[in-house]
Every structure is written in C-alpha cells, then in structure tokens.
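Let's take a friendly walk through this structure, one feature at a time. Keep the view open beside the text and follow along.

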Amino acid sequence: MPKTNPEFLLVETSPPLAARLRYRGGDKTASTYDLVEQMHYLYVDVVKARNLPVMDVSGSLDPYVEVKLGNYKGITKHLEKNQKPVWHQIFAFSKERLQSNLVEVTVKDKDIGKDDFVGRVTLDLSEVPHRVPPDNPLAPQWYRLEDKKGDKITKGEIMLAVWIGTQADESFAEAWHSDAHNISQKNLANTRSKVYISPKLYYLRVFVFEAQDLVPSDKGRSPDACVRIQLGNQLRVTGPSPVQTVNPVWNEEHMFVASEPFEDLIIVTVEDRIGPGKDEILGREFIPVRNVPQRHETTKLPDPRWFNLHKPSLAEAEGTEKNEKFSSKILIRCCLEAGYHVLDESTHFISDLQPSSKSLRKGSIGTLELGILSAKNLMPMKNEDGKLTDAYCVAKYGNKWIRTRTILDTLDPRWNEQYTWDVYDPCTVITIGVFDNCRINGSKAVAKDQGIGKVRIRLSTLETDRIYTHYYPLVVLTPSGLKKNGELHLVLRFTCTAWVNMVTIYGRPLLPKMHYVQPISIILIDRLRHQAMQIVAARLGRAEPPLRHEVVEYMLDVDCHMWSLRKSKANYLRIMELLSGVTAIFRWFNDICTWRNPVATVLIHALFLILVCYPQLILPTIFLCLFVIGIWNYRLRPRHPPHLDAELSQAINTDPFELDEEFDLSDELDEEFDMFPTSRPSDTVGMRYRRLRSVVGQVQTVVGDLASQGERAQAMLYWRDPRATSTFIIFSLIWAVFIYVTPFQVVAVLIGLYMLRHPWFRSKMPSVPVNFFKRLPSKSDMLI
C-alpha cells in the first residue's frame, strides 16, 4: 500500500490551554473555558439615554449611537422621535486589534443627508475594569454628554457599561464584533454563534384495516378503493382491495416520522380508481397527531377505531359534520412508537442512540468537551470583489447542534469557543464541519453555504480525561479528485462520570429494545431516515439565525448510501485487510509444518503434546494467548483520535482492480457526483455500465467459487456422486470404529504429528483429502 500523503495526516499541537497550564504552575484561574485560548475583548454596553437635546427644527430627534475605537466603528439602531431611547446593544472589540487608547461613544441624530452631532463620551482604556465570570455583570453608569470641544453640555446623558472580558463572558454571543464592522444590522444575526436542538422525533405507525359503506358516484359499479395517507410531506398509498366492493379490506401497515410539537394532521383519503390517472375521492378524515396514543416498549397496541369519512364538498361547508346523517367509515389503528430511536443519520457514524420516550432513557455516563480553536490555510471560497472566506463551524452530537460565530474575510480564522455535551453512550460519533457563510451583506437568497470540510471522531477511541489537541485536515471530495481546503484546530476531552455504567453499556444492545423485538426492515429504515433528515433540516432552518438546509444535509451525509465505485473498492480492501490476518495465521502454521524455524516447530510440538495430555489446559491457554497478544499490541495503540482517512477511502489511491485499459479511472469520481437520474451523455453512461459489469463480474466469480466449495461439502452426504458418497460414508464408519477403540490422546497425537511432519516426509503434490474434495460435484455445471 502506498504511503499516505503527509498533508492528509493529523498534526499534534500544544496550545497554551488553561486545562494544561493549571497543572504546570501557570494560570490557576478556574474557568469553564479551559480548553480554548483566552481572547480578551473590550465590551461596550450601550443601554439607554435620557434628556437628549432636540436637534431638528421640527422638535423631533431620531437618535442612534456610534461606538468608535480606532478604525472600527459600531452603530446601534436609530429610534425615531425618541428623546429617551433604549438600545441595550453590546459591542465587542478584540484586544488584539485595538488601534487606540480611547473609545468614543457618540450620540447622533439621524437626518436626511448629514447626521447631526448630539454629544459624545470619551473613555480611557487604562481606566476600564476587568471582569472574569462568574462575577456578576458590571453595573452600567450614567455619563454626561460632551460637545466636540470636550465640554459638558447642559442636557443629555447616556448609560454605559464598559469592561474588558474574555469569550467566556455571557455577552459574547449576542455582541456586535469588530471583525464584523462592515455587516449591516439586518445581517448581523447570521454571524452570531448559537446552540440548536433537533426536534424530538417519533415513528408513527398507521394500520389500515377496512372500510364500510363506501358510496361511489356510479351506483352501478363496485369501487376499486385504495387509501391515501398523508402526514406533512410524507405520503403512503395502500394497494387496491383484493375484492372490489363497497366494504373493502386492506390490512396494510405504514410508518411515518412525526415530530414534536404535534401540530400536523394525518389526512386519510379513500379513493376510487375509475381509470388510468382518474381517481374519485369517496371520503376523507383528518386525525390530529396530538390525539394519537403513544406506545412504550412492547406494551399492547392500542385498539383500532372507526372514523367517519366525509365528502370533501360537505367538509368544506361549516357545520356539516355535525348535521351529516350518514357517512362511510374506515377502521384504522394509529400509535406513536416511543420505544424506538428515530434514525436521522447513518448508523456507521451515529451520535444518538436514545429512544424517543424520555422515561426509557438512561442517565449520562460522562461529558464531551470540544474546543474549536482556529483554522489555517483555508481556501478562498469567494472570488468576487477580492473577498476570501467567511468561515464558521457547526458541530453535531446527539440532538444538540452548535454554530460558532462567523469570522469574516480571512483564511486563518480564530474562534476559541468551547461547548459541552452529555454523553449517554461512548460508541457514538461527533461531527464537526466548516462552512463559508454566503448569506451576509445582502447576498442572494439562492446562495448556499459551501462546505469547506468536516471531521468525524468516535468517542470510544478517546482515552478518558486526556486532552487531545490536533490540526485536522479539511478534505472534500470533488469530481476532479480529493481537495484539501485547510486545517481545523480542535481540542477534545472525554470525561467519564460513571465508570460502572459505561462498562455495562458495552454489554447492552446498540439500539433500544423495540428495534430487536419488533424490527423494522432495512429498506423502510433508510426511507424513514431520509424523511427524518428533511424534518430536522426544515425545523433548524426556521431558527434565527437559521441553520441552512444544505448545512444539515452536509453534516448528516444524506447521500452516504448512494452507489460509488470508490466506496466499493474501499470496502473490498477492508475485507482483504481483515482476511490478511487469517492468511497470516495459515502462513505461520505452514512455516511450522515445513520446519522453516526448527526451534519454533519443536516448541509447538512440545506445547501440542502437553495440551493433548492435559486437555483441561486448552481453553486457559487460548485465553492466555489472547491476553498476551493484547498486552503486546498495547505499544502499537493509536496515539491520535481517528479522522477521515483519505487512503482508506480510496480517494488518493490507484485502482486495486485489474480492469481493462479502456476504462478511464478518472471518470469514477465524476460518476459518483452525477445526479440521479444521470445527466451525462449516452456514450459515457455506456462506458460506466461496461466498467460496472467488469467489476461485478469479478465479484460474481468469487461468489460462485465460494458457493461451489459449499456445494461440494454438501455433496459428500447427498449422493450426487454415488461413488464419492459411498466411499466417504464407508471411510467415516471405519474412522468411527477406530476412534472408538483407540484412546483420544493417541488419535490426537497421530493427527498432530502427521500435520507437523518434517518436509522430508512431505510430497509437493496435493494430499488425498484435498484431491477427493476437489473431485466432488458442485452445481456450477447446472447454470444456464
């Protein structure tokens, strides 16, 4: 295997973190932000003003405040006709970029043309106090406004709170930041850090039994009825009733994904298929999801209920439902399955395994702390106007999503933000993605936030209480190949708070009990997973600021189950790597049998004789060997957390399959990124089809060989070859008598010594048992 390109490997770092300095005699200040570097900010809280002088002839005042520090300037919203305005806006200036020793707070009057100067307050930074949480917020004070000459004016005061703090300050998330000085107030929210919670999801099970007294428009024909069930954007349709009658029977079950709060309606429509593309609605019923009973674990399903089917024309008229004397009926059973976990991401990198029901959930076993420090060498994602990249990070673990603030127009952003999650199962994965913000400064509404790269880390691979600090490569697979878009600097710490519970988790099922008692088919699970993703994306997209649909899909890997020749190669090589261990054992045994190392062979002979004489030592010896192997491999344990492996993913390797030269291997990635259905010309599709047939042909040959070996083993007793079967059963009878009259130790010694005999007593020709087995018939000659 070729060596991995160093640019795709992790790089361990040693940033000055409080969590480490505390143990080295450094900064011993207790802080909840001990996994990030401290960044100091000058905070200016503009609270309100009073008794402001009137500047216009009309006697009105439209005040706003301008906070200026060097070349950085922040502006509050202007309030029309208000001499006692209240703003409550906080401005944060990075101490690293302070360009002046004075901060100016100026009150101005919004006017047509040039704004009028009302008054200002000038503060010396050397007099600004420092604040360290958990101290209470600094009390704001009233300041008398001054004129341009620095003299106090007779009227006008402004209430301010000014202090120097860090990113641990509770005002940090909502503050206006100096690196966003050119962002309008309208788009400022799109740059702030937020925490999001995914909606609570349930599986909704709907069982349609039968209907009675359907009334078709044509009285002379029996209806060909089917039922259409809709929940939001999810639609299911039953098959037609086996018998066309006014009392049809279906007995079909369908599943949906529902989310809290249960505001949706289950729309049940019975239709009569009159002809191709022509359906007549026979009746409809609306069932609120909030009225559907929940089922916990394996309790009895709720009883089915009869529902009235209302004509659409009658349902539109007010009060007709109460006055309707006759209606068709349908028998339905609905229940919300609270004992399942609704999958919204692939099980290969799942981050949550808890059931929907809160009463069935177990307690947490620890905490996961993530520090997002910085990124470096990002690729410029914006080409217009000479801009670089407006980067922000998104992390997802369980139902909690976090989004860092957006650092504008830089290729080396520094966030230094820390977040914490409760951990309920160590066999889960956290996903961190980096994106370019395309929704600022009046960007087009159709613009999508571009994914720069992502990192996935499995918690079970982390040592407890160890602090991991690494640069992770941000790689993205494109139609032109693997592309590195930069590096992300992360700090991780997994802390266990319940050791006994964590150890016992390894003996529990991965998913809740209901997944094994009443399993859902893989095909249905995959379809429901896609619908759950759409619900989560839609809900997070309605937050403020929204977590965009494309961001959620990128984090959840919506298309991870799509066909890819590259992934097929990667899985093939994974299997070959596993089998290489088995082949290594056979090679070692062959070396022992052929006396390549006489000393090892003699020792194996001695061990074999001891185990034959004392068979009670066999199992202890096996487990002792496993223990020794595990201790020996401890020195080879991984020193770094796992990451997206470019070599394992076959994103940079050459083709391991011996395909014909006519196949262009560079076309594989273009095929992976092709749309569905394809948008490529027919000759390209034909070439890909031929390539696929060649690969599948090799797989088909291997599978056929495995089937042939199994059929030969069956043929020994099933008389497909009468002479071979009779020979085998007579030989089995002779061996049964021989083993019965001969002590077991003697038989084991004879067989073992024969297997370990010296090469002088070996022949290069295959042995008699191998020749006999290969001559047995298989069913390959019966294939057409």
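Predicted model: local features only at pLDDT ≥ 70, side-chain atom pairs only at ≥ 80, totals over all residues.

Another charge over a ring can be found at Trp632, where Arg635 lies over the face at 4.0 Å from the ring centre.

Stay with Trp421 for a moment. Trp421 counts as buried, at 3% relative accessibility. What else does the ring of Trp421 meet? Its partner is Tyr397: the ring centres are 6.5 Å apart and the planes stand at 80°, so the pair is edge-to-face. Because Tyr397 belongs to strand S22 and Trp421 to strand S24, this contact ties together parts that are 24 residues apart in sequence. Tyr397 is buried too, with a relative accessibility of 4%.

The structure holds 13 aromatic pairs. One of them joins Tyr392 and Phe435, and here the rings are stacked, with 5.8 Å from centre to centre and 25° between the planes. Tyr392 sits in strand S22 and Phe435 in strand S25 (residues 429-436), so this pair ties together parts that are 43 residues apart in sequence. Tyr392 is buried, with a relative accessible area of 0%, and Phe435 counts as buried at 0% relative accessibility. Elsewhere, ring pairs link Tyr41, Tyr43, Trp163 and Phe172 into a cluster.

Now step back to the strands. Strand S24 takes part in an open sheet of 5 strands, in the order S1-S27-S28-S21-S24, with antiparallel pairing. Which strands stand at the edges of this sheet? They are S1 (11-12) and S24 (414-423); each has a single partner strand, so one side of each is left without a neighbour in the sheet. Further in, strand S21 (residues 366-376) and strand S28 (residues 481-496) pair in the antiparallel sense over 10 bridges. To see this pairing residue by residue, find Leu370, which stands opposite Leu492 in S28.

Of the 40 residues that line the pocket, the closest to its centre are Asp352, Leu353, Gln354, Pro355 and Arg361. Sorted by class, the lining has 17 nonpolar, 10 polar and 13 charged residues.

Conventions:
Residues numbered from 1 in each chain as written. Heavy atoms only, no water. Pairing = 2+ DSSP bridges. Helix = DSSP H or I, 4+ residues; strand = E, 2+ residues; numbered from the N terminus. 1 Å grid on protein atoms, 1.4 Å probe; cavity = no way out; pocket = protein on both sides within 12 Å on 5 of 7 lines; lining within 4 Å. Nonpolar A, V, L, I, M, F, W, Y, C, P; charged D, E, K, R; others polar. Phe/Tyr/Trp six-rings, centres within 6.5 Å; stacked < 30°, edge-to-face > 60°. Buried < 20%, exposed > 50% of the residue type's maximum accessible area, 1.4 Å probe, protein only. Lys NZ or Arg CZ within 6 Å of the ring centre and 35° of its normal.
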